Amino acid sequence: MKGLFKKALLIGMIGLGISSARAQVSTHKDPTADFSDYRSFAWIQPDIQVKNPQYNNDLITKNIQANVDEILLKKGMTINTKKPDLLLRFHTDTEKETTRGFYSPSYPMIGYARIGRMLVPYNMGYYGGGYSAPYSYNKGTLVIDAIDAKTNKLVWQGSISAALNDRKIDKQIEKGVSKIMKRYPNS
């Protein structure tokens, strides 16, 4: 019975960690902008504040742009590099974050680290007592700007910040862009 309780507790903790592992998304919109006027777009030079070549390369840039393109094309917009209605630009930044992870004996030899609201399995804990230890990770931020091509003024901005997973960066970009662009105003 005790083993069954421990397994149920472990499953509950993992479920809680997965459900709370949401990236922080925010958007801002110019209330005077009429988004029905914006039917075409083009990209301008991105602002990449990342030194690590793993996160600063042409593949990442193409991935971000392709995901945004796909969403805007589905919304009925077109790509027009000669005379677009909107100019799109993105900014990226990464920083090393450190947090304290608490390792619990709720299941023998398994530890968990808390990254913001996300609970992730980490390192082997010690059975018989919990302990706290520092945990470092890369936090990435992606910001997408939509600029009125006629006035050169920002009319919409969306951003997302989350812990990065090096092995799943392409999937994280896809999901992150989708979450941001879900909040892009419909024309």
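Modeller: Here's a walk through the rings, then the core, then the confidence.

First, the ground rules: this is a predicted model, where local features need pLDDT of at least 70, side-chain atom pairs count only at pLDDT 80 or more, and totals for chains, interfaces and linings use all residues. Residues are numbered from 1 along each chain as its sequence is written, and side-chain values use heavy atoms, with hydrogens and water left out.

Searching the whole structure turns up four aromatic pairs. Rings of Phe, Tyr and Trp (its six-membered ring) pair if their centres lie within 6.5 Å; planes under 30 degrees apart are stacked, over 60 edge-to-face, and the rest tilted. One of the pairs is Trp 43 with Phe 90: centres 6.1 Å apart and planes at 75°, so edge-to-face. Trp 43 sits in strand β2 and Phe 90 in strand β5, so this pair ties together parts 47 residues apart in sequence. Strands here are DSSP runs of E, at least two residues, and helices are runs of H or I, at least four, numbered from the N terminus. Trp 43 is partly exposed at 21% relative accessibility, while Phe 90 is buried at 1%. (Buried is under 20% relative accessible area, exposed over 50%, partly exposed in between, with a 1.4 Å probe and protein chains only.)

Then there's Trp 156 with Tyr 184, with centres 5.1 Å apart and planes at 75°, so that's edge-to-face too. Trp 156 is in strand β9 and Tyr 184 in the segment after α3, so parts 28 residues apart in sequence get tied together. Both count as buried, Trp 156 at 1% and Tyr 184 at 6%. Ring pairs also link these two with Phe 35 and Tyr 38 into a cluster.

Now the core. Leaving aside neighbours within four places in sequence, Met 181 is in contact (heavy atoms within 4.5 Å) with Val 68, Ile 71, Leu 72, Lys 75, Ile 144 and Trp 156.

The protein's mean is 80, with 70% of residues at 70 or more.

Conventions
pLDDT = per-residue confidence, 0-100.
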